[in-house]
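Here is a short briefing on one protein chain. Look over the fold, then read the notes by topic.

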Amino acid sequence: MVMFVPPPVVLPSTPFTRAMARDAGLTTWQLRQLLEQGRVRRVLHNVYVRSEAEDSVTLRAQAAGLVVNPFVVICDRTAAWLHGVDVLEQHEHEVLPPLETFSLRGETRPQRRGCSRGQRDLAPGDITVVGAVKVTTPLRTALDLGCRLSRRDGLAALDGFARTCGVTRAELEAELPRYRRRRGVVRLRQVVPLVDGRAESPSESWVRLDIADAGLPKPELQWWVLDDDGRPVFRLDLAYPLSKVAVEYDGIEFHGSDEQRAADAARREWLRARGWTVIVVTKGCFKGPALDSWLSDLRRAL
């Protein structure tokens with residue numbers, strides 16, 4: 001008896017939906033197996049891609065184009081993601097939130113599964129096209145998120161747009177009058193003056209916000225420390241070069257292993273031997289007594 005062996009399934013080279021996978025001969029069970037094996041990854045709700053496909057704005061736009069109706073505009077955190085600015089919570093990278101979209105005022109269409117919807121007034125210059133989908137521009141998206149998110153996350157988002165998309169503080173300030181009386185505009189006005197595209201992570205933005213709230217001077221970002229021969233040796237997250245004070249954030253991703261902790265200790269010993277004060281901030285240092293403690297240390301050091 002000859003057993004029938006089904007031919008191997010050829011996955012599309014571009015993003016595909018579950019329905020497209022079925023059309024290619026892939027069952028739901030097989031798709032689940034490919035996900036568990038790491039051969040396929042989920043890009044959006046009900047949108048998948050080969051794991052070896054390189055993440056890019058083009059790929060993200062192709063994925064969004066499969067599930068977004070042409071009459072809506074992608075906004076807020078989904079728009080930020082398309083522009084290359086990640087403002088998702090850590091757990092949302094595993095359980096993806098609904099796509100954030102809206103229709104223009106007066107436009108009513110059926111809700112699509114996996115998309116959150118609302119209505120919003122937009123000027124023509126607030127909309128751009130990424131791939132084949134309509135998206136709020138980086139400037140408009142940054143301003144919307146500055147109103148919607150907390151001050152801490154809002155500053156991190158605005159810094160991300162400055163770093164990734166070239167949005168400037170002057171452009172943000174010029175648009176503030178349009179947001180008069182909008183919910184969240186007070187938060188937006190508070191963080192816009194602090195925007196700095198040199199911030200390389202949300203944690204650096206959070207630290208800077210706490211420093212500003214404490215009434216302390218603005219630090220320099222990404223400051224290189226030179227050795228005796230004038231060669232750059234270490235780059236500091238936040239620094240007060242004249243006072244020789246450094247503030248560094250230790251996150252689990254880059255500072256969690258024994259090797260990383262040993263390297264951190266060696267670097268800080270080198271700095272302290274040359275007169276630097278190093279203040280270390282961790283995830284638990286953004287509220288309560290821990291926040292007061294490192295800010296007091298910074299105030300004394302300055």
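**The three-stranded sheet**

Three strands form an open sheet in the order β1-β3-β2, with antiparallel pairing. Its edge strands, β1 (16-17) and β2 (40-44), each pair on one side only. Strands count as paired if DSSP finds at least two bridges between them. The model is predicted: local features need pLDDT of at least 70 and side-chain atom pairs count only at pLDDT 80 or more, while totals for chains, interfaces and linings use all residues. Residues are numbered from 1 along each chain as its sequence is written, and side-chain values use heavy atoms, with hydrogens and water left out.

**Sheet details and covering helices**

- β2 and β3 (residues 47-50) run antiparallel and are joined by four bridges.
- R41 stands opposite V49 in β3.
- Helix α2 (residues 28-36) packs on the sheet and touches β1, β2 and β3. The direction of α2 makes about 100° with that of β2.
- Helix α3 (residues 57-67) also packs on the sheet, touching β1, β2 and β3. Here the angle with the direction of β2 is about 70°.
- Axes are lines fitted to C-alpha atoms, for helices over the stretch in contact, and angles run from 0 to 180 degrees between N-to-C directions.
- Contact means heavy atoms within 4.5 Å.

**Whole chain**

- The protein chain has twelve helices and 13 strands. These are DSSP runs, numbered from the N terminus: helices are H or I with at least four residues, strands E with at least two.
- Of its 302 residues, 41% count as buried. Buried means under 20% relative accessible area, exposed over 50%, and partly exposed in between (1.4 Å probe, protein chains only).
- Among contacts between residues at least 6 apart in sequence, 56% join residues at least 24 apart.

**Helix α6 and the cores**

- α6 (residues 151-165) has 15 residues. From first C-alpha to last, α6 reaches 20 Å, close to the 21 Å expected at 1.5 Å a residue. The expected span is 1.5 Å times one less than the number of residues.
- Buried residues of α6 include L155, L158, D159 and F161. The buried residues of α6 pack against α4 (76-82), α5 (138-148), α7 (169-175), α8 (185-191) and α9 (202-213).
- Just after α6, G166 takes a positive phi of about 75°.
- The largest nonpolar core has 24 residues; L145, L158, F161, L172 and L188 touch the most other members. Such a core is a set of buried Ala, Val, Leu, Ile, Met, Phe, Trp, Tyr and Cys residues joined through side-chain atoms within 4.5 Å.
- The largest share of this core, five residues, comes from α6.
- Leaving aside neighbours within four places in sequence, L158 is in contact with A142, L143, L172, L188, V191, V192 and V195.
- Another core, of 20 residues, lies apart from the largest one, with A63, I74, L99 and V135 among its members.

**W270**

- W270 is found in helix α11 (residues 258-273). W270 is buried because its relative accessible area is 19%.
- W270 touches V225, L226, D227, V233 and F234, not counting residues up to four places away in sequence.
- W270 and F234 are 36 residues apart in sequence and 9.7 Å apart in space, C-alpha to C-alpha.

**Confidence**

- The chain averages a pLDDT (the predictor's confidence in each residue, from 0 to 100) of 86, and 87% of the residues score at least 70.
- Among the elements, strand β6 (residues 115-116) has the lowest mean pLDDT (50) and α7 the highest (97).
- Where pLDDT is low, the predicted coordinates should not be read in detail.
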